[in-house]
Amino acid sequence: MPQDTGHIMVVAGESSGDLHAANMVRALKALRPGLRFSGMGCEAMAEAGVARQVDASRLGVVGLWEVLAQYRQIKKALNTLKQALRRDPPDLLVLVDYVEFNLRLAKAAKALGIRVLFYVSPQIWAWRSGRARKIGAVIDAMAVLFPFEVDIYRQHGIPVRYVGNPLVDVVRVDGDHQSCCQSLGLDPERPILGLLPGSRSSEQKNHLPIMLETAALLRQALPELQVAVALPAKRQLSASLQEQLARQPDIRLCSGQTYALMAVSRALIVASGTATLEAALMKTPMAIIYRISPLSYAILKRLIRIPHIGLANIVAGKPVAPEYIQAAATAEALSAWAQRILSDDRYHQHMVEDLDIVRERLGASGGSERVACMALELLDHGRLLEEEAAPS
């Protein structure tokens, strides 16, 4: 294929996939400046130069009931992208996470003869492991973030490559404790607890009220404690959550400064997801929280086959952070843990040391460049070339 042509459609449905996709697009532009990009994503992809047919900012939901509640909006987005595949067929479709949606789009693309790269493997090792063969029928290659995922796909004859986790390249802050605190409006001399309720509106609705209740209990016991809530850039809380936050005016709201808050916090309470890996890379002790609708939880609990749900714990292979899931996620339990981690130096240091395991297992830097090279191989040759050495 000529070096100055090519159209790649990139589809991500939530903020973590949006970030991975944006970094991949930038890497592709550096390798081949003439490429054109379209697709679906959030702010990061738009800033990277992707012409979005769909803005995914409001599509990120988890849980069966939660998906049903937004079914019309999700279905409309899927139909819009299917039409785009027919109207302006890309030379390659790159699907980033957002599994159920993206596998349906992959099926439509394959029917049109469009090559498909899936980036960020569905967590089939956690549940529904028999899906690998069905996934392989609608994609041309899989790029995985964790080395243990490779064998799952190879067993089914699916072209796969371990590219490493791109978070290793991006999780960092500029400045020391003092300057980061200043940018956040926090006192560097007082302890800080960071609250990360999640990027999806449904996560914020389920987690933030419990986090705020936890903060209220903690500040009765620890008057010097500062509390701050991290939100993605350009995201706003619902009116009801803003009202709840207003009842505790001393709590800071930090938009688009998540890594700075992670860096300066003594401890974090984090919604399960990519943020647990980011916190581990920052080596900041955390408790992991997750709540979804009771119906969704009852169904998913029967399907999940691994002992932990937090990615930091899954990667470490052991509980490096306590998990408070569903009914166990109470303000009393969280405040008891927070009081210990904030005051017990030995316990705090032990958690910091455990988080080093996560950093080690996430592998080397350069993940975005490696997946970009995979995309170019599919674009130019229609297949992956000889396997490269795995990143260490």
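The model is predicted: local features need pLDDT of at least 70, side-chain atom pairs count only at pLDDT 80 or more, and totals for chains, interfaces and linings use all residues. Residues are numbered from 1 along each chain as its sequence is written, and side-chain values use heavy atoms, with hydrogens and water left out.

Let's begin with the strands. Helices (H or I, at least four residues) and strands (E, at least two) are DSSP runs, numbered from the N terminus. Two strands count as paired if DSSP finds at least two bridges between them.

Six strands form an open sheet with parallel pairing, in the order β10-β9-β8-β11-β12-β13. At its edges are β10 (252-255) and β13, each of which pairs on one side only. From one strand to the next, the twist averages 20°; this angle uses axes that are lines fitted to C-alpha atoms (for helices, over the stretch in contact), and angles run from 0 to 180 degrees between N-to-C directions.

| Strand pair | Sense | Bridges |
|---|---|---|
| β9 (residues 226-231) and β10 | parallel | four |
| β8 (residues 192-196) and β11 | parallel | four |
| β11 and β12 (residues 286-290) | parallel | four |
| β12 and β13 | parallel | three |

V229 has L253 in β10 as its bridge partner, while L195 stands opposite I269 in β11. Looking toward β12, I269 has A287 as its bridge partner, and V270 has I288. To get from β11 to β12, the chain passes through helix α13 (residues 274-282), and this β-α-β crossover is right-handed. Right-handed here means that, with the strands pointing away from the viewer, the path from the first strand over the helix to the second runs clockwise. Further along, I289 stands opposite Y324 in β13.

How many of the five residues of strand β11 are buried? Five of the five residues of β11 (residues 267-271) are buried, so this strand is largely enclosed by the rest of the structure. Buried means under 20% relative accessible area, exposed means over 50%, and partly exposed lies in between (1.4 Å probe, protein chains only). Both faces of β11 are covered, with A267, I269 and A271 buried on one side and L268 and V270 on the other.

## The nonpolar cores

In soluble globular proteins, nonpolar side chains tend to be buried together. A nonpolar core is a set of buried Ala, Val, Leu, Ile, Met, Phe, Trp, Tyr and Cys residues joined through side-chain atoms within 4.5 Å. The largest one here has 100 residues, and those with the most contacts inside it are V10, L117, Y119, M286 and W337. Helix α18 (residues 367-381) gives the largest share of this core, seven residues.

Not counting residues up to four places away in sequence, L117 touches a group that includes L92, L93, V94, A141, M142, V371 and L378; contact means heavy atoms within 4.5 Å. A second, separate core of 38 residues includes M40, A108, F118 and I139.

## The cysteines

A disulfide is a pair of cysteine sulfur atoms within 2.5 Å, and the structure holds zero of them. C180 is in no disulfide, and its nearest cysteine sulfur, that of C181, is 7.2 Å away. C180 is buried at 4% relative accessibility.

C254 is buried, with a relative accessible area of 1%.

## Two positive phi angles

Most residues other than glycine have a negative phi. Y98, however, has a positive phi near 45°. Y98 sits in the loop between β4 (92-96) and α5 (99-111) and is buried, with a relative accessible area of 10%.

Q326 also has a positive phi, near 55°. Its place is the loop between β13 (323-325) and α16 (331-343), and Q326 counts as buried at 11% relative accessibility.
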